[in-house]
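Q: Could you take me through a structure slowly, giving the general idea of each feature before the case at hand?

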Amino acid sequence: MKVNGKHYRTVWLDGGTVKMINQPLLPHRFEVFECPTHRDTAEAIRTMVVRGAGAIGTAAGYGMAQAALEAADADPHAFLRQAAETLRRTRPTAQNLFYAIDRVLAAVDGVDDPAALRRLAVAEAQAISDEDAEAARRIGEYGEPLIRDGATVLTHCNAGWLAFADWGTALSPVYAAVRAGKTVRVLADETRPRSQGARLTAWELMAEGVDVTIIADNAAGHYLSRGQVDLVITGADRIAANGDVANKIGTYEKAVLAHAHGVPFYVAAPRSTFDSDCSAGTDIPIEQRCGDEVLYAYGWTDEGEWGRVRIAPPGAKAGNPAFDVTPARYITGLITEVGVVPATVDAVAEMLARP
Ligand code: MRU
């Protein structure tokens, strides 16, 4: 997607340096963050300089490529295994992280020539990024017919191009519909505690000229109950074999509300987000983040200073699960790069087996 007329991906590899759009600074500043080593890349994933399942996966793949470039010729495989552990420990829920790390490890498995190993690791990481962007584009094609001209789409968190290498998942059908000439309005949940909806979804939709209205997290029921939402589309961080979906905290309650009001609830995700080793959502590990994200609000003052302000009383405790699980029964369909399928064991298995 374009920023100030220039095409950007969310994350990219430049020589041995991983570069990424610095997401915590958005929407108020657009800067590129540089990670000279795989350890820096892991830290950028952990601290959410880059975030969103697909973008995390792409960054992790590049982090593995960096590790291959950093490894001494003597025993590069031991170094890569160590790098894989460092990257795996960053964010436990996003399946794309593990998918990308395992793919780069598999690509160099049994390769002893150091130059070949480096070349293969870089090529595999680049392929993961390119496939991610292409899958997201195709999700847009399959999702576009679900959005009628004049529709209002509710979304949660940011599952746009900032959350992938390009295009996004939940927002990709919106971009496709707008490019097809349809009028689409988006209601973006603000998505406390890190405000990905208010900051990132609003920023990228406005940059594309899409009509977006930010709503408080607890306002979705009001809009749904008044018939002011035609469909809900969210992304996913991990999808179990039975179609249960882990996504940003608050997704579950939106799905229950949509179900209560007879509004279709779709989840858009590439096949790299599915985890057949999790038979149900209860198997998916849920990341717990620092309570300060809940106790404080973060942002920019009108004077242009970045900072945080305390909301809660000093000494207050906070719980901060970063994701929740939406049971498959609340999901109308899964929008993937090979089509829209029901969230059932059989349909998920058949879809994953397609060429
Ligand atoms: O904590 P984040 O910002 O990485 O969470 C992102 C989400 O929950 C997205 O909705 C999800 O990754 C799907 S889009 C890739």
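**Salt bridges, helix packing and strands**

A: By the rule used here, in which a salt bridge is a side-chain nitrogen of Lys or Arg within 4 Å of a carboxyl oxygen of Asp or Glu, the count comes to 24 salt bridges. This is a predicted model, in which local features need pLDDT of at least 70 and side-chain atom pairs count only at pLDDT 80 or more, while totals for chains, interfaces and linings use all residues. Residues are numbered from 1 along each chain as its sequence is written, and side-chain values use heavy atoms, with hydrogens and water left out.

Q: Which side chain meets D102 in a salt bridge?

A: Side chains of opposite charge can pair when their charged atoms come close. Here the side chain of D102 meets that of R88, at 2.6 Å from N to O. Because D102 lies in helix α4 and R88 in helix α3, the pair ties together parts that are 14 residues apart in sequence. (Helices are DSSP runs of H or I with at least four residues, strands are runs of E with at least two, and both are numbered from the N terminus.)

Q: How do the axes of α3 and α4 cross, and at roughly what angle?

A: Two packed helices are described by the angle between their axes and the distance between the axes. The axes are lines fitted to C-alpha atoms, for helices over the stretch in contact, and angles run from 0 to 180 degrees between N-to-C directions. The axes of α3 and helix α4 (residues 95-108) come within 10 Å and cross at roughly 175°. The two helices are therefore roughly antiparallel to each other, given that angles under 35 degrees count as roughly parallel, over 145 as roughly antiparallel, 65 to 115 as roughly perpendicular and the rest as oblique. In this contact (heavy atoms within 4.5 Å), H77, L80, A84, L87 and R88 of α3 meet L97, F98, I101, D102, L105 and V108 of α4.

Q: Which residues of α1 meet α3?

A: The axes of helix α1 (residues 38-46) and helix α3 (residues 76-88) come within 9 Å and cross at roughly 15°, which means that α1 is roughly parallel to α3. From α1, H38, A42 and I45 meet F79, A83, T86 and L87 in α3. By class, this contact has five nonpolar, two polar and no charged residues, where Ala, Val, Leu, Ile, Met, Phe, Trp, Tyr, Cys and Pro count as nonpolar, Asp, Glu, Lys and Arg as charged, and the others, Gly among them, as polar.

Q: What is the order of the strands in the open sheet?

A: In a regular strand the side chains alternate between the two faces of the sheet. The open sheet here has seven strands in the order β8-β7-β6-β9-β12-β17-β18, with mixed pairing; two strands pair if DSSP finds at least two bridges between them. Its edge strands, each pairing on one side only, are β8 (211-215) and β18 (339-341). Strand β7 (residues 184-189) runs parallel to β8, and five bridges join them, with T213 in β8 as the bridge partner of L187.

Q: Where does G304 lie?

A: G304 is in the turn of a hairpin formed by β14 and β15, with five residues between the strands, and has a positive phi of about 90°. Strand β14 (residues 296-300) and strand β15 (residues 306-310) run antiparallel and are joined by five bridges, and V309 in β15 is the bridge partner of A297.
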